[in-house]
Amino acid sequence: MIPRVALRALEWLLIALLAAMVVLVFGNVVLRYAFNSGIVFSEEVSRFVFMWLTLLGALVAMYEGAHLGMTSVVSALPEWGQRICRFCSDLLMLGCCVLLTHGTWRQVVLAMDDRAPVSNLPMGVVFSALLVCAAGISAILLNSLWRQVTGAMASSELVPVQAEGVE
């Protein structure tokens, strides 16, 4: 899985991206209302930062098992039913992530020559957020599937997030 140092670095990157977005948006608001001017690229760059923030956050949430799920239904099943549901769920998500990774890679390659209108950033860099997210989630799902196939996944891990009060 992801080494703890890499996860911690990703969390710090998320904090830095959120801080940059707050500074860009808040600074632009203050400049517009107080000085009747603004930061020209603020809106565009803050939108790009928001994309990266959202998709990297989704990757961290997937690693921590914090995404929404049908935990109340799945936890009511016997262990063999939980194993089947987890395996099918991971396999379907992996299929979606493989399609996303492939399609996004093609889009990134095409968009590297296109530039954002105001900030002049390569649009391929902007679209790379989805590529990183989909590839990272694919790696997490492959690890989960491997652990299920080899029998290394404990029954307590089958339902990643337990609903409050359900044991």
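Visitor: What volume does the largest pocket have?

Guide: This is a predicted model. Its largest pocket has a volume of about 780 Å³.

Visitor: How many residues line the largest pocket, and which lie nearest its centre?

Guide: The lining counts 33 residues. Nearest the centre of the pocket lie Met-62, Arg-86, Asp-90, Met-93 and Pro-160.

Visitor: Which elements give two or more residues to that lining?

Guide: Helix 2 (42-64), helix 3 (71-74), helix 4 (79-111) and helix 5 (123-150) do.

Visitor: How do the lining residues divide into nonpolar, polar and charged?

Guide: Of the residues lining the largest pocket, 20 are nonpolar, eight are polar and five are charged.

Visitor: Let us turn to salt bridges. How many does the structure hold?

Guide: The structure holds five salt bridges. To read one, look for a side-chain nitrogen of Lys or Arg within 4 Å of a carboxyl oxygen of Asp or Glu. Take Glu-11 and Arg-8: their closest N and O atoms are 3.0 Å apart, so the pair counts.

Visitor: Where do Glu-11 and Arg-8 sit relative to each other?

Guide: Both are in helix 1, three residues apart, so about one helical turn separates them.

Visitor: Is Glu-11 buried or exposed?

Guide: Compare the relative accessible area with the cut-offs: under 20% is buried, over 50% is exposed, and in between is partly exposed. Glu-11 has 17%, so Glu-11 is buried.

Visitor: Which residue forms a salt bridge with Arg-47?

Guide: Glu-43 does, with the closest N and O atoms 4.0 Å apart. Arg-47, at 43% relative accessibility, is partly exposed. Glu-43, at 55%, is exposed.

Visitor: What is the N to O distance between Arg-83 and Glu-79?

Guide: It is 2.9 Å, and their side chains meet in a salt bridge. Both residues lie in helix 4, four residues apart, about one turn of the helix. Arg-83 is partly exposed at 28%. Glu-79 is partly exposed too, at 41%.

Visitor: And the surface? Which residues make the nonpolar patch of about 510 Å²?

Guide: Leu-18, Val-22, Phe-26, Val-30 and Phe-35 make that patch. A residue needs over 30% relative accessible area to join a patch. Phe-35 has 59%, so Phe-35 clears that cut-off and counts as exposed.

Visitor: Which helix holds Phe-35?

Guide: Phe-35 is found in helix 1, which covers residues 4-35.

Terms used: Residues are numbered from 1 along each chain as its sequence is written. This is a predicted model: local features need pLDDT of at least 70, side-chain atom pairs count only at pLDDT 80 or more; totals for chains, interfaces and linings use all residues. Side-chain values use heavy atoms; hydrogens and water are left out. Patches are made of residues with over 30% relative accessible area and no salt bridge: like charges are joined within 9 Å, nonpolar side chains (Val, Leu, Ile, Met, Phe, Trp, Tyr) within 5 Å. Accessible areas come from the Shrake-Rupley method with a 1.4 Å probe; for residues, only the protein chains shown count as cover. Buried means under 20% relative accessible area, exposed over 50%, partly exposed in between (1.4 Å probe, protein chains only). On a 1 Å grid over the protein atoms alone, a cavity is a set of points where a 1.4 Å probe fits but cannot get out, and a pocket is an open set with protein on both sides within 12 Å along at least five of seven lines; lining residues have an atom within 4 Å of a point. Grid points are joined across faces, edges and corners, and a volume is the space filled by probe spheres set on the points. Ala, Val, Leu, Ile, Met, Phe, Trp, Tyr, Cys and Pro count as nonpolar, Asp, Glu, Lys and Arg as charged, and the others, Gly among them, as polar.
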